[in-house]
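Have the sequence and the 3D view open as you read.

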Amino acid sequence: MNFNDKPDRSWSKAYKWQRYKGTDILPMWIADTEFRCAEPILKALHQRVEEGIFGYTLPDHDTDAIEAVVAWCQRQYNWKIDPSWLVWTPGVVPAFNVAIKAYCQAGDTIIVQTPSYPPILAAPAINKLNRICVETVAVDGRWTLDFDALEDAAADPKTSLFIMCNPMNPLGTVLNQHELDRIATICRKHNVMLCSDEIHCDLILDNVPHLPAGAHPALAEYSVTLMAASKTFNVAGLGTSFAIIPNEKLRLAFNHAARGILPWVTATGLAATNAAFRYCDEWHQQELAYLKDNRDYLVSEINKIEGLKAFSPAATFLMWVDASGLRVNDTQAWCEAKGVGPSAGRDFGDKDFFRLNFGCAREYLVEAIKRLQGRKN
Ligand SMILES: Cc1ncc(COP(=O)(O)O)c(C=O)c1O
C-alpha cells in the first residue's frame, strides 16, 4: 500500500472534496482519510458484489463478522466480549442518539465535553434534553477533562448520561487508566450512565493503550461502548458500526429505543468490517506508522507558524490547532483565504481553533504548510 498516493476522489462525490469543488482550497476537514482501502477489504466487497443479490441480511446471522469483532476486541484491548453483547448500528452518531432515547427521561441533563465532535454537542437538543458542557484543560502538553467540572455536572440530580469521546475528537487525547478510573468513580457515585464514543480507538499513534469503557470493571454494567472499523479502515461511507453493551437490561433498552428507527447495517458494511478485523493487520500497522510521521511533521511545522500552536495528538488523524495568536475574528476564513480548508473550530465549541485532518499523502501536508506560511511557492 502506498500511503503517498493522492487518489482523485471527485468521481465518488466524496464530501470532503465536494465542499471545495471549483476552488483552489485543499480540503483537510471531514474525518475520512485519503487512503485507499486495504486489498482484503476490496476483495471482500468485490466478492459480495459478484454474488449479485443485495437482499436482507440479518446482522445477527453474520457470525463471521461477529466473531471478527470479538477476536479484534480480545487482540487489540485484551477485552473478552460475549457475542451477545454486540449490537450492530448503522453509524456511531445514530447509536449515541439511540442511547439518549434509551436511558434518558424528559427533563434530564446530558454531559458532553467541549470542544467535541459537533453531533455529540447537538445530540441533547435533538432529543429535547438539557446539555451541560464540561470544559477541557491543558495539562503537561495534552488535553484532558476538567474533572472537578465533571463531578459538579454529574452531581446535578437531573444528569443521567455522559456522552464521552475517547480517543477525543478533536483533541486527540487517549484517556489513561487513572483518568478512566476517575470517570468511573464520578459516574458511579452520581448514578450517571456512560456512552463512550470510541470510533477512533484503533488509531493510537503513541505507545499508550486504548482502554474501552465497557472493559472497565466499574463501568461494564453501566456503559455503552461505540466502535467501528470505519475511521481506521476508511469505510465510513458503508455506514456500519457497533455498540458493545455487556448489561442485558441496558442492551434490551437500547434495542427497544432503536426499533423502527435504526435500519440493519448493510451487507457490504458487514463484509468490510469482517475483512478489516481479520485480514488487514499489516495495512493497519503501516497506516499507523505513516500517520505518526505525518503527525510529527505537522505538529512541528504548525508550531513554527506565528500565531498557531498545537499539541501532538496521541491518537486519530486530526490535529486541534490553537489559532488565537492570530488575533483574527474568523480563523476558518483565514485558513480558506490561504487555500486550506480545515474543520471550523466554532462547530466544535471554540472559534479560535481549527481542526486539520492529516490522514493524507505527506505531499498534501507539505503543501498545506506552505500555504499557511503564506509562501507563494
Ligand atoms: C467522534 C466521532 N463519532 C462519530 C463519528 C461519525 O460516526 P458515524 O459516521 O459512524 O455515524 C465521527 C466522525 O467523524 C467521529 O469523529
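## Two terms to start

A residue is buried when its relative accessible area is under 20%, exposed when over 50%, and partly exposed in between (1.4 Å probe, protein chains only). Helices (H or I, at least four residues) and strands (E, at least two) are DSSP runs, numbered from the N terminus.

## Where the model comes from

This is a predicted model: local features need pLDDT of at least 70, side-chain atom pairs count only at pLDDT 80 or more, and totals for chains, interfaces and linings use all residues. Residues are numbered from 1 along each chain as its sequence is written, and side-chain values use heavy atoms, leaving out hydrogens and water.

Strand β3 covers residues 109–114, and because six of its six residues are buried, it's largely enclosed by the rest of the structure. In a regular strand, side chains alternate between the two faces of the sheet. Here, Thr109, Ile111 and Gln113 point one way, while Ile110, Val112 and Thr114 point the other.

Which strands pair with β3 (pairing takes at least two DSSP bridges)? One is β4 (residues 130–139), running parallel and joined by six bridges, with Thr114 opposite Glu135. Another is β6 (residues 159–165), also parallel, with four bridges; there Ile111 sits opposite Phe162.

## A look at Ser196

Ser196 sits in strand β7 (residues 193–197). Is this residue buried or exposed? Ser196 counts as buried because its relative accessibility is 0%.

Leaving aside residues up to four places away in sequence, Ser196 touches (heavy atoms within 4.5 Å) Met164, Asn166, Ala213, Val224, Thr225 and Leu226.

Conventions: Pairing = 2+ DSSP bridges.
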